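Biologist: Please take me through the labels on this model, one at a time. I would like to see each value set against its definition.

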Amino acid sequence: MSQIDYSQKIPNNIGLSDDVRIQRALEKWQPAFIDWWKGYGPSDTESEVYLRTAVSADAKGWAVFDHVKMPEYRWGIFLADKIEGRKISFGRHKGEDVWQQVPGEYRADLRRLIATQGDTEPASVEQVRYLGETAPSLYDLRSLFQVNVEEGRHLWAMVYLLHKYFGKDGREEADMMLDRHSGDPDKPRMLGAFNEKTPDWLSFYCFAFFTDRDGKFQLASLAESGFDPLSRTCKFMLTEEANHMFTGQNGLQRVVQRTCELMRENDDVTKLGGIPLDLIQRYINFHYSVSLDLFGSESSTNAANYYSSGLKGRYREESINDDHVLETETLVKLNERLQDDYVNDCQMGVNRWNKVIKDFGINFELILPEKKFNRHVGQYAEMFINDGMLPTQSDRAYVSSLMKPVLQPGKFANWIAAPAKGINNQSVDFEYIR
Ligand SMILES: [Fe+2]
Ligand SMILES: [Fe+2]
């Protein structure tokens, strides 16, 4: 079951060819997706990129790497294996069998959850459309494109659920995914952070670290869902999301490392084309705060209802030691709880960057700003905006002045260190893009 069938027009591990109606509908949507990719995805459609793709849905299924042109990447529909006898683990349906169909009373809520998640996926591809033109190395360019194709696949994942389980409404919702665009004044993406620009590589690493990490937490809580197809879809997506976390974590760490190296020569690294630590801090402040907004209001009756209805659980629900039903005061604070789990996860990454700085003997510590900093959603909205802590125009102009493509294998822009090792046991100077 977990083996993926690549002989089909749409690769999948769900037996799509037995479901002719949905197969036809998705085959109709497929050319619209490819058009969208060519119009709004990476501006590079000709290069051959060393990409990883799934061959099976289990943990070992990620082995296959090959050079492909991105528009020819095999986007497909992959769900984690079904767990026989799985029960709903929280809320008022706790202990009941999970649902294989959408319960009528939760149809609108589930559609909204899926559409909101789905909308972020193509948005994040649109946000970095031209970034490939200024890649600091072939290694990094490959990482960007890998994230891009996987976000495209996440869109497929959500579109499949919409087509399969939500009838005509679902098909319309799927069409709208290709119709809204990041930053479009008339038809913007649903959530604020996904209408922001990601204009340079420092922003991209911050986005992959902070904003994709919101994705990880949303997917993890949807993976707990009593609606089993959603749970299985999100479980598989989390394996891809882990790679996005790595891209952000590692990218920022290499920028920090390079800055520290340059500081040995000159405290003012801008003289040497490096990115100052305090500037990195301001980028962190921005991306962290807009990502906190993605969790919604700290206090939320929607979140309470999603939980009680068994639609969306807590992060690692089953490892939590309580009744999994919860009192009202706890229920309305579930967004805040997920946000706190997120903050702890972010802090672990920041600690690693600080270790690099400390190992260089430099007296500087990167931090996560206070939760109330630069917020536009929830209890802290518009309360505490300290302009000195956000990237300035000259910060952005300086970073953008450093963004010159470096495309010889094994070479890296001066503002970023080489990675410790290459991708898939290849060397760092492997030709990741041809
Ligand atoms: Fe995603
Ligand atoms: Fe992601």
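Biologist: Where is Leu 222 placed?

Modeller: Leu 222 belongs to helix H5, residues 201-222. Helices here are DSSP runs of H or I with at least four residues, numbered from the N terminus. This is a predicted model, in which local features need pLDDT of at least 70, side-chain atom pairs count only at pLDDT 80 or more, and totals for chains, interfaces and linings use all residues. Residues are numbered from 1 along each chain as its sequence is written, while chains are lettered from A and ligands numbered from 1 in the order in which they are written.

Biologist: Why does Leu 222 count as buried?

Modeller: A residue is buried if 20 or more other C-beta atoms, placed from the backbone, lie within 10 Å of its own, exposed if 12 or fewer, and partly exposed in between. Leu 222 has 24 such neighbours, so it counts as buried.

Biologist: Which residues does Leu 222 touch, leaving aside those up to four places away in sequence?

Modeller: Leu 113, Gln 117, Leu 230, Cys 234 and Lys 312. Contact requires C-beta atoms, placed from the backbone, within 7 Å. Lys 312 is 90 residues from Leu 222 along the chain, yet their C-alpha atoms are separated by 5.0 Å.

Biologist: What makes the buried residues of H4 line one face of the helix?

Modeller: In H4, residues 167-177, the buried residues are Gly 170, Glu 173, Ala 174 and Met 177. Seen down the axis, they fall within an arc of 100°, so they line one face. The arc is taken from the directions from the helix axis to the C-beta atoms. Exposed Lys 168 and Glu 172 sit on the face turned away from the buried side. The cover over the buried residues includes helices H1 (20-40), H2 (107-127) and H3 (138-165).

Biologist: How do you know that the span of H1 agrees with its 21 residues?

Modeller: The expected span is 1.5 Å times one less than the number of residues. For H1 this gives 30 Å, and the end C-alpha atoms are 30 Å apart, so the two agree. Leu 26, Trp 29, Phe 33 and Trp 37 are buried in H1, and its buried residues pack against H3 and H4.

Biologist: Why is Arg 316 called exposed?

Modeller: Arg 316 has 12 C-beta neighbours inside 10 Å, so it counts as exposed. It lies in the loop between helix H8 (301-308) and helix H9 (328-331). Its phi is positive, about 50°, although Arg 316 is not a glycine. Most residues other than glycine have a negative phi.

Notes
Helix = DSSP H or I, 4+ residues; strand = E, 2+ residues; numbered from the N terminus. Contact = placed C-beta atoms within 7 Å.
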